[in-house]
Amino acid sequence: RHAMVDSYSITECSTSIAVASAQELEKHPGTVGVPIITVSLEIRDQYGEWLPDGHVGEVCVRSPFVMIGYWDDEKATAEAITPDRWLRTGDFGVVEKGRLRLVGRRADLIHQNGENIYPSEVERVLAQHPAVRECVVTGAPHADWGQEVVAVVVLVAGTTVTEEDLTKFAAEHLAYFKVPTRWRLTHDLLPRNSTGKIVRKGWRGTHGPEM
């Protein structure tokens, strides 16, 4: 008998941080389970203060498996690990009934008019459109807003959809400020790394994706 599980891990913590069994995934879809034995997990705000369940913040962990530090890089180590050995993962998440739900990376966060927009939320909505094969959402500089939401959408072969169609669809499921204002529609698959993850770094930067 085989069963699907989900887990959350990062290189700086050499074992899984949290694991969700098949039964947990069925009851709590979208979560990555509870911390494993020996791993302490907290959600913290931008000042490093603990946040209660239900609040989004940075995932911080402490365990015997956390790295000592980055090789020959004291500055990066100090930025990632607190004096009392809590690792700042750079991931944003929320704890719901003891289970962790990830919402995005700190580096991917879009700042618009004082609002924080998590690309993963927008991507999940766009992925529900029948004409969307895959997509990536990022932020691009905007003179008045700080950043605007940009979406690169790979269309399903043989489908026809316009930017207006996707804008209307997104507006039905998202707050107005989360709806992409710039689009790139393509049939070319997004670049992926050796583990199959979409390479997001190429879509960031001062100019955003090509239009």
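Mentor: The protein chain has four helices and 13 strands, where helices (H or I, at least four residues) and strands (E, at least two) are DSSP runs numbered from the N terminus. This is a predicted model, in which local features need pLDDT of at least 70, side-chain atom pairs count only at pLDDT 80 or more, and totals for chains, interfaces and linings use all residues. Residues are numbered from 1 along each chain as its sequence is written, and side-chain values use heavy atoms, with hydrogens and water left out.

The part in question is an open sheet of three strands in the order β11-β12-β13, with mixed pairing; two strands pair if DSSP finds at least two bridges between them. Strands β11 (132-142) and β13 (182-186) stand at the edges with a single partner strand each, so one side of each lacks a neighbour in the sheet. From one strand to the next, the twist averages 20°; axes are lines fitted to C-alpha atoms, for helices over the stretch in contact, and angles run from 0 to 180 degrees between N-to-C directions.

Strand β12 (residues 146-155) pairs with β13 in the parallel sense over five bridges. V154 has T186, in β13, as its bridge partner. Helix α4 (residues 163-171) packs on the sheet, touching β11, β12 and β13, and its direction makes about 120° with that of β13. Contact means heavy atoms within 4.5 Å. Helix α3 (residues 119-127) also lies across β11, β12 and β13, and runs at about 145° to β11.
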